[in-house]
Amino acid sequence: MDIAPYLLLATLEGLVQASVLTLTALGLSVVFGTMRVVNVAHGEFFMLGAVGAWVCAMLMPGPPWLGFVTALIVAPAIVGLLAAAADWAILKRIDYDPEATIISTIGLMYIIQQVVLMTFGPNAQAVDAPFYYTIRFPWFGYSSYKLFIVVAAIVLVFALWRLMKGSRVGLLMRATQYDKDTAQNFGIPVDRVYSGVFAVGAMMAAIAGVLVVPNQQAHYLMGHDPLLLSFVVVIVGGLGSIPGTIAAAVLIGLSDGLLSVFFTPTLAKIASTLLVALVLVFKPEGLFGKATR
Amino acid sequence: MSVTQFKVEGFNTFYGRSQALRDFGFELKGGEVLCLLGRNGAGKTTALQSVMGTVKPASGQLMLNGENLFGLPAKEIPRRGIGYVPQGRRLFAELTVAENLEIGLQTRKAGREVLDYALDLFPVLKERMDQRSGTLSGGEQSMLSMARAMCVDPLVMMLDEPTEGLMPSAIASIREALVKLRASGVAILLVEQRVDAVLPIADRVAFMDHGRIKAEFGIDEVRNDLSLLHQYVGVSDKAKA
Ligand SMILES: Nc1ncnc2c1ncn2[C@@H]1O[C@H](COP(=O)(O)OP(=O)(O)O)[C@@H](O)[C@H]1O
Ligand SMILES: [Mg+2]
């Protein structure tokens, strides 16, 4: 038996996973990096993106791509507003205390889940892919939509990188991240930076949710796995490090794809959990993180 | 343009239950250097942070050209024209020299001429614009911290031990810059621990202890009677040098 086709397939699947994971984990990582808080409700922003995509597909008549494009714009926008509201209503009031933030975002997680459950019910909902073109390899055909996810993730990561490194807003974000008090001493509106960062982080997860939903059904509990995997990625990559987060997401996404195809998905989960344990023991600042702060 | 009038009055600042400032205050005009001296723990840094609003005084007044800035959000204080060189420089270490200066410029949307003015005072920074500021030497970091505050285009400039741990040559260029800044009409509050560091450029000297201003003198009084220094900071006669 020739192993090459399986290897190719596993790599492709791994890359698709890695792409979704990169977007989701980057959202968590950017929020942690700037605000030093962990958002436990991050998976719910992902879920809201997916549910939003389903709602758009339902409400928009016409071809599937129309609903998809609408969802890609509307879902992150609504989720971003929701996140900014949560920042204003909750996080700001507890002064971004790390522990209080964990507790209150756990609360937020349950609230969002229950509201979605009460509104849309417990059933998983499938959404059509916006296009169906199949790319033919010599051994198998592969969904062009999945490759589109990879391209979309690359574009979005590049956009985030440009925002952080090349824009005025990014400069203010980075200054706030390094030293909040000194940032205020130079007139930087730290509170607005925080709510903006929290919104952007949530929007990254929501976009990932929209992208994933043609492959995976929308469901009110679907946020758990992305949250856990994002934690894994963010810990392995080094908390708050963007390049580290990307590298770790690709590493974990690929190994997940390979192990799932050649062995079982369970083994893949065991492996990534083991990786986290090893990293936490031997290199707690993360594989790619700096041992500062 | 009228002369800047800056007045801090009746600051009482607490850390939990311990009081770090007690009825603290001073007055300062444009084109003047007031030196605030005092031992470690006297409350100098707390005083500056209380002005900047990153530490919140329980009571007080903060008047700049007739406007009371007391109680404004911290981000508004620099926007009204108060430049700050924090103790320990507090550069954004991961950002480049140019980016640190950009942070200063955006505070009051100062123009490029303000940047050029700051860079002319510290030309060594010009060659380091794309370097990460954390990799600069101690002297260069101090100069950058001061240049960043100058990019605010301040009416008032507050410096917290800017010469701490520096070599004499670096101290000299900081001093020189302060003299030019004063000549341009900026009101300067200079915090130091060592008297000899400030005697050459001070117009007035205030001594601080236990969160209070104990005494204030014109520089001539201090020069004529160095026993004042003994009395208030217990320094040696090296200060004459
Ligand atoms: N963040 C803080 N929390 C509690 N106490 C502080 C804090 N900062 C300073 N202090 C205390 O306030 C007093 C004044 O400190 P500080 O303003 O740093 O003095 P100085 O700058 O003159 O050395 C000291 O007793 C110091 O221990
Ligand atoms: Mg101090």
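## Burial and the model

A residue counts as buried under 20% relative accessible area, as exposed over 50%, and as partly exposed in between. By this scale B:E102 is partly exposed, because its relative accessible area is 27%. The model described here is predicted.

## Salt bridges

Across all chains, the whole structure holds 17 salt bridges. One of them links A:R174 and B:E99, whose side chains meet at 2.9 Å, N to O. This pair joins two chains, since A:R174 lies in helix α6 (residues 168-178) of chain A and B:E99 in helix α3 of chain B. A:R174 is buried, at 5% relative accessibility, and B:E99 is buried as well, at 17%.

Within chain B, B:R112 and B:E102 form a salt bridge with their closest N and O atoms 3.1 Å apart. B:R112 belongs to helix α4 and B:E102 to helix α3, so the pair ties together parts that are 10 residues apart in sequence. B:R112 is partly exposed, at 48% relative accessibility. Salt bridges with shared partners also join B:E67, B:E76, B:R79 and B:R80 into one network. In the bridge between B:R80 and B:E76, the closest N and O atoms are 3.6 Å apart. B:R80 is partly exposed at 26%, whereas B:E76 is buried at 18%.

## Helix α4 of chain B

Helix α4 of chain B covers residues 112-121, and its buried residues are B:V114, B:L115, B:A118, B:L119 and B:L121. They lie on the same side of the helix because they cover an arc of only 155° around its axis. B:E113 and B:D120, on the other side, are exposed. The buried residues pack against three helices of chain B: α3 (97-107), α5 (138-150) and α6 (168-183).

## The magnesium ion

Two chain B residues coordinate the magnesium ion (ligand 2): B:T45 through OG1 and B:Q87 through OE1, at 2.0 to 2.3 Å. B:T45 sits in helix α1 (residues 44-52) and B:Q87 in the loop between β6 (82-85) and α3, so the pair ties together parts 42 residues apart in sequence. B:T45 is partly exposed at 22%, and B:Q87 is partly exposed at 27%.

A nonpolar surface patch of about 700 Å² includes A:I3, A:Y6, A:F263 and A:L267. Helices α1 (4-35), α10 (242-262) and α11 (265-282) of chain A each supply at least two of the patch residues. A:L267, in helix α11, is partly exposed at 34%.

A:T34 lies in helix α1 of chain A and is buried, with a relative accessible area of 3%. Leaving aside residues up to four places away in sequence, A:T34 touches A:M173, A:T176, A:Q177, A:V193, A:Y194 and A:V197.

Notes: Residues numbered from 1 in each chain as written. Chains lettered and ligands numbered in written order. Predicted model: local features only at pLDDT ≥ 70, side-chain atom pairs only at ≥ 80, totals over all residues. Heavy atoms only, no water. Buried < 20%, exposed > 50% of the residue type's maximum accessible area, 1.4 Å probe, protein only. Helix = DSSP H or I, 4+ residues; strand = E, 2+ residues; numbered from the N terminus. Arc of directions from axis to C-beta. Contact = heavy atoms within 4.5 Å. Patch = residues over 30% accessible without salt bridge, like charges linked within 9 Å, V, L, I, M, F, W, Y side chains within 5 Å. Areas by Shrake-Rupley, 256 points an atom, 1.4 Å probe, with all protein chains shown as cover. Salt bridge = Lys/Arg side-chain N within 4 Å of Asp/Glu carboxyl O. Donors = N, O, S within 2.8 Å, 3.2 Å for Na, K, Ca; no water.
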